[in-house]
Amino acid sequence: MNIGSDRMEPLVRVEDIHTYYGKSHVLHGVSLEVGRGEVVGLLGRNGVGKSTTLKAIMGLVRPALGRVLFEGQPVTHLQADKVARLGIAYVPEDRRIFGLLTVTENLRTGLDRRGVTDARKKELLDKAHQYFPVLAERRNQAGGTLSGGEQQMLAIARAMMLEPKIILLDEPTEGLMPRMVSQIHRIIDVLRAEGVAILLVEQNVPLTLEASQRIYLMEKGVVRHHALASELRVTDPVIHQYLGV
Ligand SMILES: Nc1ncnc2c1ncn2[C@@H]1O[C@H](COP(=O)(O)OP(=O)(O)OP(=O)(O)O)[C@@H](O)[C@H]1O
Ligand SMILES: [Mg+2]
């Protein structure tokens, strides 16, 4: 492969994946790409397979057909922890905060990995505190005592501690108050400015159109439509067709 084509290689490429839960065929050939540093929105009604797509990229569900490439290399056969080590972080819908661990201990779970010096750990923790001042205030509090919005911030901050090349964000604003939604929006913009790619699954269409560069619309286990976010409006017929809003 020459350097020119290498540069064109997307960070993540999902190629025609099919997944099943038991006999239930959930993804019917999903294909999508996320470029380096790109924020891509994945929209669709409940149950169309958005979360399953993220789990398939992460190695948490195994596609029966198709493949997932990261930086041009197939990762479809890898376990989730190996995928994470390559530079893919995942913030699931239910956030998976360790309720009995303090905020700092939660963040440290992302820092205790090979090759991270103490100085680098401190830098990363400082960065989390700078981006999310509320986490600094609550650093010694148990994760389980935080509000929903604060837990979401902790989940994103913990993902950042892994210094990922991409974060898969599953409905980060679900159930949050408007003030918290704007903070999540702001942090997506900050990550993008830092060159971290994001694959954003959301129900909040205005936020997704504003925060993303490109949009995929899913319906019943396939991607039906693909557009630049700047070409779409919340009131677009295509948004109405696939999201019913
Ligand atoms: N562990 C599971 N076992 C069996 N079926 C599942 C499982 N997880 C999801 N499904 C089913 O697979 C389909 C796709 O689910 P998925 O969670 O990927 O959808 P989604 O687009 O993320 O939906 P939502 O908007 O509700 O989060 C749904 O019909 C769902 O009921
Ligand atoms: Mg989901």
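Predicted model: local features only at pLDDT ≥ 70, side-chain atom pairs only at ≥ 80, totals over all residues.
Residues are numbered from 1 along each chain as its sequence is written.

The chain has 10 helices and 10 strands, these being DSSP runs numbered from the N terminus (H or I, at least four residues, for helices; E, at least two, for strands). Its C-alpha atoms fill a box of roughly 45 × 45 × 40 Å along the principal axes. Of the 245 residues, 40% count as buried, a word used where 20 or more other C-beta atoms, placed from the backbone, lie within 10 Å of a residue's own, whereas 12 or fewer make it exposed and anything in between partly exposed.

The largest nonpolar core has 67 residues; such a core is a set of buried Ala, Val, Leu, Ile, Met, Phe, Trp, Tyr and Cys residues joined through C-beta atoms within 7 Å. Helix 7 (residues 148–160) gives the most to this core, with seven residues. Among the residues with the most contacts inside the core are Ala 157, Ile 166 and Ile 198.

Helix 5 spans residues 118–131, and its Leu 124, Leu 125 and Ala 128 are buried. These three lie on the same side of helix 5, because they cover an arc of only 100° around the axis, taken from the directions from the helix axis to the C-beta atoms. The face turned away from that buried side carries exposed residues, including Lys 122, Glu 123 and Asp 126.

Conventions
Chains lettered and ligands numbered in written order. Expected span 1.5 Å × (residues − 1).
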